[in-house]
Amino acid sequence: MAEEAVLVESITRQMVRTLLPPRNPEGHKGTFGKVYVYGGCVGYTGAPVYAGEAAVRTGSGLVFVGVPGEIYPIVASRCEAAMAQPVPRDYGALLERMEQCDAALIGPGLGRAGETEETVLALLRDLSIPVVLDADGINAVSTHMYVLDHRRGVTVLTPHEGEFARLDGGFLPGGTNRARAAADFAAHHNCVMVLKGSGTIVAGPGGRILRNTTGNCGMAKGGSGDILAGMLLSLLGQGAGALEAAACAVWLHGRAGDLAEAELTAYAMTPPDLLARLPAAFKELVET
């Protein structure tokens, strides 16, 4: 289908301003959502840290970062506001801990060990809370799509084009209408698809398709996607609908990236620079 035949809405500042969850001035940390990040492995300790800290920056009241015991000291030393903890060895204990939260993120830096993949699939079967699947969470489900199709709760997937190719089994970067492919996947698997890249696409199962209007090539560095996933997690935990949370997250993420590029250039900006500019992106949104 030609690109012109697909109805795609632009995600704008005004749209995000209306979709952002309201902030109760009399609220407390329990008011603004409790969320859980499940990720990390040896060699990939930064991903869960970025995701957890991004969730805090996006407004979550309580953010837990569950990582394997062998990397817990490293992750704990890097988390400033998110609360790192070793993942329980017992699956039932992990499931109970995650079910006590308002939303969960599965995948950043998680690795692809067989036992880890089995845990991811079990969590998708058993969790009733909204779940964001990123990175190795997406890879785990790519050959077990029936688990995604039979989820009880809301699911948001955040693949880049290579990960989406493995999920879709035929999508080729640059060779297919990205908006149509994302929308077809969302409808077929009853999920929200966030197809990352230049002009990130957000597609819902009801057929609505949105394209982001912020962001730049300086964000094309390892760690940027983990920040986006943490932002999306936070907004879900604060009660936003899945499509609305995704639209807000990608726009604010891109806007923070644009602020970083303006000051530091696309060459020199880093994911921590993007994270550090989230407050300015939010301030622009709520005060203008």
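# Exercises on salt bridges, strands and a helix

Glu9 is partly exposed, with a relative accessible area of 29%. Here buried means under 20% relative accessible area, exposed over 50%, and partly exposed in between (1.4 Å probe, protein chains only).

The model is predicted: local features need pLDDT of at least 70 and side-chain atom pairs count only at pLDDT 80 or more, while totals for chains, interfaces and linings use all residues. Residues are numbered from 1 along each chain as its sequence is written, and side-chain values use heavy atoms, with hydrogens and water left out.

**Exercise 1.** State which side chain meets that of Glu9 in a salt bridge.

*Solution.* 
1. A salt bridge requires a side-chain nitrogen of Lys or Arg within 4 Å of a carboxyl oxygen of Asp or Glu.
2. The partner of Glu9 is Arg208, at 2.7 Å from N to O.
3. Glu9 lies in strand S1 and Arg208 in the loop between S9 and S10, so the pair links distant parts of the chain, 199 residues apart. Strands are DSSP runs of E with at least two residues, helices are runs of H or I with at least four, and both are numbered from the N terminus.
4. Arg208 is partly exposed, with a relative accessible area of 36%.

**Exercise 2.** Determine in which sense S10 pairs with S1, and in which sense with S9.

*Solution.* 
1. Two strands pair if DSSP finds at least two bridges between them.
2. S1 and S10 (residues 209-212) are joined by three bridges and run parallel; Ser10 stands opposite Arg211.
3. S9 (residues 201-203) and S10 are also joined by three bridges, but run antiparallel; Ala203 has Ile209 as its bridge partner.
4. S9 and S10 form a hairpin with five residues between them, and Gly207 in the turn has a positive phi of about 105°.

**Exercise 3.** Compare the span of helix H11 (residues 242-268) with that of a straight helix of 27 residues, and locate the kink.

*Solution.* 
1. Of the 27 residues of H11, 19 are buried, so the helix is largely enclosed by the rest of the structure.

Conventions: The expected span of a helix is 1.5 Å times one less than its number of residues. The bend at a residue is the angle between axes fitted to the seven residues ending there and the seven starting there.
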